[in-house]
Amino acid sequence: MIRQHLPALQVILPLLAAPTCLLLRRAGLAWLFATVVGFATFAIAILLLRQVLSQGDIAYAMGGWSAPWGIQYYVDPVSALVLLIVSGISAVVLPYAARSVAQEIPSERRCVFYTLFLLCLAGMLGIAITGDAFNLFVFLEISSLSSYALISMGQDRRALTSSYQYLIMGTIGATFILIGVGLLYVMTGTLNMQDLAQRLPAVATTRTIHTAFAFLVVGLSLKLALFPLHLWLPNAYTFAPSVVTTFLAATATKVALYALLRFVFTIFGAEYAFNTMPLGPTLLLLALLGLFVASAVAIFQENIKRILAYSSVAQIGYMILGISFATVTGVSAGILHLFNHALMKGALFMAVGAIFLRTGSMQLQHLAGIGRRMPWTMAAVVIGGLSLIGVPLTVGFISKWYLIQAALERGWWPVAVLVLIGSLLALVYVWRILEAAYFDAPAKPDAHIKEAPLSLLIPTWALVLANIYFGIDTSLTVGVARQAAGLLLGVQP
Amino acid sequence: MSQALLLQGVLALPLLAAVLIVISGRSPNVREGVTLISAAGLFALVISLAPPVVDGARPALTLAEPFPGLPLVLELEPLGLLFALVASFLWIITSIYSIGYMRAHHEAHQTRFYACFAVALSAAMGVAFAGNMLTLFVAYEVLTLSTYPLVTHAGSDEAKRAGRVYLGLLMSTSMGFLLLAMVWTWSISGTLDFNPGGILRGKAGNTVLSILFVLYVFGIGKAALMPFHRWLPAAMVAPTPVSALLHAVAVVKAGVFTILKVCVYVFGLETVTTLAATQWLLYLAGATIVLASLVAMTKDNLKARLAYSTISQLSYVILGALLATQTAVIGSAMHIAMHAFGKITLFFCAGAVLVATHKTEVSDMRGLGRRMPITMAAFFIGSLSIIGLPPMGGTWSKWFLVLGTLEAQQMLLLGVLMLSSLLNIAYLLPVPVRGFFSKPKDELADGVKEAPLPCLIAIVITALGCMALFIYPEPLYRLSNLILSA
Amino acid sequence: MGILGHYNYWIVIFLMMVGFYIVISHGNLVKKIVGLNIFQASVFILYISMGKIHGGTAPIVAEGVSRYSNPLPHVLILTAIVVGVATTALGLALVVRINEAYGTVEEDEIHAKDSSL
């Protein structure tokens with residue numbers, strides 16, 4: 001019985017839990033409740049993934065109204081993987097939140113914080129699971145609005161301005177998406193993704209559809225922070241509370257990327273997007289530019305969170321690069337990196353949050369000597385950083401391998417070379433952090449900085465170990481990614 | 001089957017040692033005891049693997065499968081066994097030496113030092129017993145990363161800068177070229193296994209294979225082929241035992257070992273000889289031999305001189321691999337072992353001088369032979385082995401390499417080898433000769449005497465090893481011979 | 001159908017450009033939100049106007065009527081309006097907080113205060 005309604009529960013559970021958090025009135029209770037809900041959604045995501053892998057796609061008619069009239073939830077390997085990442089990260093981040101939130105957010109706002117967190121979670125899960133184009137827009141706005149509010153809770157007053165900046169850019173992006181969806185509806189009379197996919201080819205050559213495509217791609221690119229539409233991201237990540245940065249960095253852009261995959265491949269189809277429209281070269285160029293510009297900027301930052309934020313922009317370049325190949329290997333490399341990057345950035349931002357908890361600073365110069373004081377936290381940064389660079393035995397290596405393979409398959413060896421040079425840039429900015437932490441002598445030897453508490457270390461290390469585990473045993477990630485890519489491109493892998 | 005499990009043990013033992021070292025960090029005696037015992041245990045394990053290999057068995061063990069069809073796998077084969085034997089034996093000796101050196105030199109962070117050392121050895125074993133290119137690459141990168149804390153051990157600004165050069169060069173070559181070459185090979189041939197005769201034969205045109213070959217040779221930055229050699233002199237800021245074992249044996253030999261493997265098992269010797277790039281790479285190796293020797297002559301710092309000497313000697317092995325004749329490959333394989341014994345002796349001596357007198361410059365070592373006769377005598381023996389004069393082991397490997405150049409009719413390279421031997425004499429022998437026969441520049445402080453006993457023991461053993469290898473080169477030769485007969 | 005045949009679309013495009021221009025060009029945070037609202041409103045009009053069918057009436061079943069306007073866009077846009085209102089509310093709330101923290105709602109002045117930190 002319950003098993004049948006898992007797709008609905010996946011979204012409804014956090015959605016209903018969110019206002020409940022507000023009613024609990026006590027921060028500790030709200031946290032506990034949110035954590036339980038986080039784990040429950042994770043469990044549901046695991047069950048859904050298993051069901052999809054063993055029995056094939058799940059179509060769920062919301063409220064019993066069947067598809068083209070009602071809203072359909074549709075779970076296939078692509079969405080199941082994204083559900084797994086989003087709920088998994090929330091399950092790891094929430095236990096971590098207790099201490100971190102207690103330090104960074106005043107007590108009267110903590111209940112609101114967990115409410116917003118669950119809303120954001122519900123929105124993202126909704127994006128991943130819905131089979132309806134308009135519903136996707138609504139969920140996108142639920143998650144975006146709650147994340148604007150979450151970001152504004154940062155301690156620094158610049159959190160407010162960066163949240164505002166994000167709000168403006170995010171709303172423009174959302175409105176673009178709305179226009180795109182509207183134009184699609186005008187031409188086809190449906191909003192269901194599968195119906196859209198069937199009816200679009202008949203009208204695909206009209207100017208309206210071209211326009212819709214352009215609006216959708218630009219709108220989603222804004223949301224996923226594709227270079228040069230990434231301007232909101234570095235500030236938002238830098239000034240948001242540590243927990244929010246971790247959660248958003250690991251999930252928000254990934255979910256937007258998923259939405260792009262859905263629109264481009266499922267609705268418009270690879271044939272239209274890459275042959276009729278010049279999506280391939282455009283994405284390729286922007287991905288490579290983003291990769292280099294953002295990595296180069298990251299090298300010159302003095303704030304660790306900002307280094308990692310620019311690195312995120314660069315890493316999004318890798319994902320987009322994989323997608324721009326429009327081959328099974330390329331798209332699966334993109335999806336794989338989507339998963340892997342969530343693991344590495346999650347681990348890194350959590351470790352950095354733990355450092356912030358103890359030192360109260362994010363500046364590189366204040367990091368001096370932290371390697372001695374917080375050995376376990378810094379070890380997590382080391383492994384996360386190595387993963388970012390793409391050293392073997394970490395997930396980063398797996399992504400990089402497939403990206404290079406995809407580039408070589410298309411015969412684009414210069415792209416492969418550029419990918420590798422990109423990871424050397426990552427080596428530079430990661431090493432700046434490590435050198436500051438391990439080599440520089442602390443300016444003032446104050447002894448009170450000690451290792452982060454276990455409630456922060458355990459979640460951090462859970463992700464660090466996941467970085468290593470999925471770098472060695474890739475049967476789940478590579479398997480699902482290839483299946484998903486085959487599905488999106490309409491070929492049997 | 002049990003052989004396969006032993007393979008796992010070879011990797012696991014040093015890792016276990018690293019954990020135990022960290023745990024026992026508070027008591028130096030236990031910590032160093034653990035190091036010694038695991039070094040001895042590792043050597044015993046490797047020895048026990050030898051008989052089946054000689055009988056032709058090739059036990060393999062799959063560890064994991066990160067890419068479908070491309071597992072992480074360990075496999076026992078003669079060349080790897082040879083490398084592992086040398087590295088694990090010299091780990092014992094270096095451990096003995098380290099105890100004397102690190103204590104006498106009052107180095108800080110000794111626990112980290114011994115732990116990273118053990119991890120590096122595990123990685124070296126991984127390189128030695130890698131069953132395919134992917135596994136080798138993984139171990140290769142772990143080796144780079146685990147030696148980084150050793151290179152930057154001092155924690156000074158100089159160490160930090162040297163660390164940047166070290167990591168920057170090794171990572172950019174391996175990530176930039178080697179990884180690309182591997183993925184390329186994988187997409188051309190669909191396998192990265194080591195196969196006698198090569199996996200790339202006829203899979204692509206001469207041009208593509210040539211490019212690939214160049215990518216491999218430059219990608220293996222640990223082989224220190226010019227112009228990617230700068231990391232090795234930079235690594236000399238490390239404590240002497242690190243320079244001795246890692247930057248004369250484990251790390252650099254892992255580099256040339258990988259090149260040998262690539263030549264023999266990935267391309268196949270036949271293919272190597274037909275590639276257009278081979279001739280150019282041969283000249284580059286020859287140029288490295290001569291140029292590095294010339295640079296070595298200008299260095300007054302003893303460790304820097306030895307580092308450039310190592311760069312030059314590594315190119316001998318590369319040369320042999322590129323010549324791709326049976327004799328040359330045997331010479332290369334033997335040179336891995338011979339040079340290891342010779343060069344580690346020289347580094348031990350340099351360290352002993354440093355500990356006893358705090359002198360690092362060659363010009364300050366005049367007359368030192370009277371105070372430190374054993375050290376200087378050992379230096380003399382090591383030098384002879386590097387130069388390739390009887391009765392030292394280096395003679396044999398050079399002999400086979402010379403025969404190899406003759407077989408391949410590379411007269412120019414024959415000339416390079418001869419010239420290099422002369423240059424070796426010019427930059428190595430002055431040290432012991434002046435040590436014994438010159439008057440000290442300024443009177444040595446009283447009380448300067450030989451280095452601590454553990455150091456001396458290590459020096460004597462490796463020096464004797466150089467001689468023993470001249471008299472009994474047979475086992476080495478047989479192992480090297482097996483590489484191609486498989 | 002002349003160039004004015006689709007006059008509703010011209011209005012939409014005009015409003016869209018006006019809104020967009022305000023968002024980009026104005027340094028005052030409140031005005032930016034106003035611009036954003038105009039921008040969004042243009043899209044609402046786009047949706048609603050495309051639901052109109054010539055000669056159609058309100059979609060209520062009644063005798064003698066066979067042509068109805070399409071109700072779905074209205075429903076959709078109701079949701080979008082709610083989202084828009086929420087966005088505006090949040091945006092204005094942020095502006096209030098920014099005003100408290102900086103004492104100004106002008107972008108360049110905020111910049112100047114942050115860079116002087």
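A: In this predicted model, the contact between chain A and chain C draws 22 residues from chain A and 25 residues from chain C. Look at the chain A side. Two elements each give two or more residues to it: α5 (133–151) and α6 (158–188) of chain A. The largest share belongs to α6(A), with 14 residues. Now sort the chain A side by class. It holds 13 nonpolar residues, six polar ones and three charged ones.

Chain B and chain C do not touch. The nearest C-alpha atoms of chain B and chain C lie 31 Å apart.

Next, go inside chain B. Find helix α9 (residues 240–267) and helix α12 (residues 302–323) of chain B. Their axes come within 9 Å and cross at roughly 20 degrees. Angles under 35 degrees count as roughly parallel, so α9(B) is roughly parallel to α12(B). The crossing of α9(B) past α12(B) is right-handed.

Which residues meet there? From α9(B) come, among them, B:Ser243, B:Val252, B:Gly255, B:Ile259 and B:Cys263. From α12(B) come residues including B:Lys303, B:Thr310, B:Leu314, B:Ile318 and B:Leu322. By class, this contact of α9(B) with α12(B) has eleven nonpolar, three polar and one charged residues.

Notes. Residues are numbered from 1 along each chain as its sequence is written. Chains are lettered from A and ligands numbered from 1 in the order in which they are written. This is a predicted model: local features need pLDDT of at least 70, side-chain atom pairs count only at pLDDT 80 or more; totals for chains, interfaces and linings use all residues. Two residues are in contact if their C-beta atoms, placed from the backbone, lie within 7 Å. Helices (H or I, at least four residues) and strands (E, at least two) are DSSP runs, numbered from the N terminus. Ala, Val, Leu, Ile, Met, Phe, Trp, Tyr, Cys and Pro count as nonpolar, Asp, Glu, Lys and Arg as charged, and the others, Gly among them, as polar. Axes are lines fitted to C-alpha atoms, for helices over the stretch in contact, and angles run from 0 to 180 degrees between N-to-C directions. Angles under 35 degrees count as roughly parallel, over 145 as roughly antiparallel, 65 to 115 as roughly perpendicular and the rest as oblique. A crossing is left-handed if the near helix is turned anticlockwise from the far one by less than a right angle, and right-handed if clockwise.
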